[in-house]
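Have the structure open beside you as you read.

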Amino acid sequence: MIAPLLYRAGMAAAAPFLPGYLARRAAAGKEDPARLSERYGVASAPRPPGRLAWLHGASIGEALSLLPLIEALRRDHPELSFLVTSGTVTSAGLLAERLPPSARHQFLPLDAGGWVRRFLDHWRPDLGIFVESELWPQLIAEARRRGIPLALVNARLSARAETRWRRARGWAATLLGSFSLILAPDEDQAARYRAIGAGAVTVTGNLKSAAPPLPHDEAELARLRDALRDRPVLLFASTHAGEETIAAALHRALAARHRDLLTIIAPRHPDRGGAIAAELGTLGFRLARRSAGAAPDGWTELYLADSLGEMGL
């Protein structure tokens, strides 16, 4: 098939430029400079003895959705150790706080042949579990060659992604054929995977819905409840650049009818808090910032929840 050959050739051609790409990401705060070698497949921790389950989620939401699955596996297979990989600095920080002692986090290597082989040579997982739609062709193909059983859980596929994969349906079928188990959250997602060549796909429900309530500080929750005093609250969760001004505009429209409305804006990347506060401040909103330790008072219109790991509040 032409598509996988072109992909491998493209990644091989790009390999000399990937260190510069990673360096730029590190300078922008999108990589951890102290752990950059993990992106090259160089492990920063020894492999634990015994059987090792490897679980991968791309970013915060996907990685955290793996926690209840890890707990279930620990309960049924107490001898297992766990390797959890992800691709973002924020997910690494949260996982460091929430993973059990039998689990360790590493950044996933970029999908270059030599880096992928180095990663698998070191960790030698006994099984691999991928969540949602994080499909790296060389990583999956190398795991298959080594006979590592793979599962795709909470398998999601957008209509746009389905259209792209249909153009290389043979490659998609081969790639998905590497998975011994594909579990979709609903029938629509299952149908999309079948349409691009997946074999047996089972609908099991959404893994994120099975997760327990997010952790939170009870004292902080009581403080916020006291500050809100039964005000109506609108939450914009995990916003990206440009969406905060949409939230502010909607707040202004709704506040004409709900004078006590408080809108909470929780940006996907909390380090954007300063820029968001400046932007919303120029629009004339009364704003308080979580990162500054402020709680909303009776005059606060927008509460900027620019802190990490506090969505449970």
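A residue is called buried when its relative accessible area is under 20%. With that in hand, look at E31 and R39, which are both buried. Their side chains meet in a salt bridge, with N and O 3.1 Å apart. Keep in mind as you explore that this is a predicted model.

Now turn to the nonpolar interior. In soluble globular proteins, nonpolar side chains tend to be buried together. Here the largest nonpolar core has 34 residues, and those touching the most other members are W54, F130, L152, L176, F179, I182 and Y193. Several elements each supply at least two residues of this core, including strand β1 (52-56), helix α6 (113-123) and helix α10 (187-195). Apart from it lies another core, made of 22 residues, with A63, L66, I70 and L207 among them.

Leaving aside neighbours within four places in sequence, F130 is in contact with residues including W54, L139, L152 and F179.

Which of its residues are buried? They are A161, E162 and W165. Viewed down the axis of α8, the buried residues fall within an arc of 105°, so they line one face of the helix. These buried residues pack against α9 and α10.

Let's come back to salt bridges, of which the structure holds 18. One of them joins R223 and E220, whose closest N and O atoms are 3.2 Å apart. Because they sit three residues apart in helix α11 (residues 218-228), R223 and E220 are separated by about one helical turn. R223 is partly exposed, with a relative accessible area of 35%.

Another salt bridge connects D306 with R289, with the closest N and O atoms 2.8 Å apart. This pair links distant parts of the chain, 17 residues apart: D306 is in the segment after β11 (302-304), while R289 is in strand β10 (residues 287-289). D306 has a relative accessible area of 5%, so it is buried, whereas R289, at 27%, counts as partly exposed. Salt bridges can also join up: D121, E142, R145 and R146 are linked in a network.

L214, L235 and M311 make a nonpolar patch of about 270 Å². L235 is in strand β8 (residues 233-239), and its relative accessible area of 46% makes L235 partly exposed.

Note on methods:
Residues are numbered from 1 along each chain as its sequence is written. This is a predicted model: local features need pLDDT of at least 70, side-chain atom pairs count only at pLDDT 80 or more; totals for chains, interfaces and linings use all residues. Side-chain values use heavy atoms; hydrogens and water are left out. Patches are made of residues with over 30% relative accessible area and no salt bridge: like charges are joined within 9 Å, nonpolar side chains (Val, Leu, Ile, Met, Phe, Trp, Tyr) within 5 Å. Accessible areas come from the Shrake-Rupley method with a 1.4 Å probe; for residues, only the protein chains shown count as cover. A salt bridge is a side-chain nitrogen of Lys or Arg within 4 Å of a carboxyl oxygen of Asp or Glu. Helices (H or I, at least four residues) and strands (E, at least two) are DSSP runs, numbered from the N terminus. Buried means under 20% relative accessible area, exposed over 50%, partly exposed in between (1.4 Å probe, protein chains only). A nonpolar core is a set of buried Ala, Val, Leu, Ile, Met, Phe, Trp, Tyr and Cys residues joined through side-chain atoms within 4.5 Å. Contact means heavy atoms within 4.5 Å. The arc is that of the directions from the helix axis to the C-beta atoms.
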